[in-house]
Amino acid sequence: MNTASSRVLADVVPGGAVRDAALVTAGAGLVGVLAQIAIPLPFTPVPLTMQTFGVLLVCASLGSARGLISMMLYAVMGIAGVPWFAEGGSGFGGKSFGYVLGFILAAAVVGRLAERGATQSPVHTAGVMVLGNLAIYAVGVPWLMATAHLGLATALTLGVVPFLVGDLIKVLACSGVFPGSWHLVRRLGAQGMGR
């Protein structure tokens, strides 16, 4: 375990291309599984899911390149028919599909910031996760506006506001998980060097 050269948590796992392929695939799978934890809301076409939590975890853990490939794999496989979008959905389009595309932008943003060490403190991790959520909304809300023929205020009311409390909980959870994981990695690395 080489903690000194680890830029993101995935770098702690030994291996090369095979490791990367496995992590990318597992990341897409995790998002697909968490997308099935969904609560349909009667007043909006966008369901409440654990999907974005998975996206933030995966992208911060894998970094920008692997995270981007993982979210692209998730999107492409879902478009091809794998029923792992929210509530078992698949295919291209739909009112909430823009959020799936937003996962790709979030991967680039969150992954890059994680590579710069921004997930090693609670405050910085919270900032990264807020930016990741904003990246998802930056694509999801305009898509919702276009497909549902909504104005900006209505799209924000339907596609952002109902999810803010959940987003806050996810941000706080990540703010504990990542710094805690880095602390554990450093501790295990120090123990390994002490042998």
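## A buried arginine

Arg-66 is buried, with a relative accessible area of 13% (buried means under 20% relative accessible area, exposed over 50%, and partly exposed in between, with a 1.4 Å probe and protein chains only). The model is predicted: local features need pLDDT of at least 70, side-chain atom pairs count only at pLDDT 80 or more, and totals for chains, interfaces and linings use all residues. Residues are numbered from 1 along each chain as its sequence is written, and side-chain values use heavy atoms, with hydrogens and water left out.

## Salt bridges of Arg-66

Arg-66 forms a salt bridge with Asp-11, and the closest N and O atoms are 2.7 Å apart (a salt bridge is a side-chain nitrogen of Lys or Arg within 4 Å of a carboxyl oxygen of Asp or Glu). This pair links distant parts of the chain, with Arg-66 in helix α3 and Asp-11 in the segment before α1, 55 residues apart. Helices (H or I, at least four residues) and strands (E, at least two) are DSSP runs, numbered from the N terminus. Asp-11 is partly exposed, at a relative accessible area of 24%.

Asp-20 also forms a salt bridge with Arg-66, with 3.0 Å between the closest N and O atoms. Here Asp-20 in helix α1 and Arg-66 in helix α3 are 46 residues apart, and the pair again links distant parts of the chain. Asp-20 is partly exposed, with a relative accessible area of 23%. Asp-11, Arg-19, Asp-20 and Arg-66 are linked in a network of salt bridges.

## A further salt bridge

A search of the whole structure finds five salt bridges. One of them joins the side chains of Arg-7 and Glu-115, at 3.8 Å from N to O. Arg-7 lies in the segment before α1 (17-34) and Glu-115 in helix α4 (residues 97-115), so this pair ties together parts that are 108 residues apart in sequence. Arg-7 is partly exposed, with a relative accessible area of 44%, whereas Glu-115 is buried, with a value of 14%.

## Helix α2

Helix α2 covers residues 51-62 and has twelve residues. From its first C-alpha to its last it reaches 16 Å, close to the 16 Å expected at 1.5 Å a residue; the expected span is 1.5 Å times one less than the number of residues. Twelve of the twelve residues of α2 are buried, including Phe-53, Leu-56, Leu-57 and Ala-60. Just after α2, Gly-63 takes a positive phi of about 90°.

## Where α2 meets α3

The axes of α2 and helix α3 (residues 64-80) come within 7 Å and cross at roughly 145°. Axes are lines fitted to C-alpha atoms, for helices over the stretch in contact, and angles run from 0 to 180 degrees between N-to-C directions. The crossing of α2 past α3 is right-handed, that is, the near helix is turned clockwise from the far one by less than a right angle.

In this contact (heavy atoms within 4.5 Å), Gln-51, Val-55, Val-58, Cys-59 and Leu-62 in α2 meet Ser-64, Arg-66, Gly-67, Ser-70, Met-71 and Tyr-74 in α3. By class, the contact has six nonpolar, four polar and one charged residues. Ala, Val, Leu, Ile, Met, Phe, Trp, Tyr, Cys and Pro count as nonpolar, Asp, Glu, Lys and Arg as charged, and the others, Gly among them, as polar.

## Ser-64

Ser-64 lies in helix α3 and counts as buried at 17% relative accessibility. Not counting residues up to four places away in sequence, Ser-64 touches Ala-107, Ala-108, Gly-111, Arg-112 and Glu-115.
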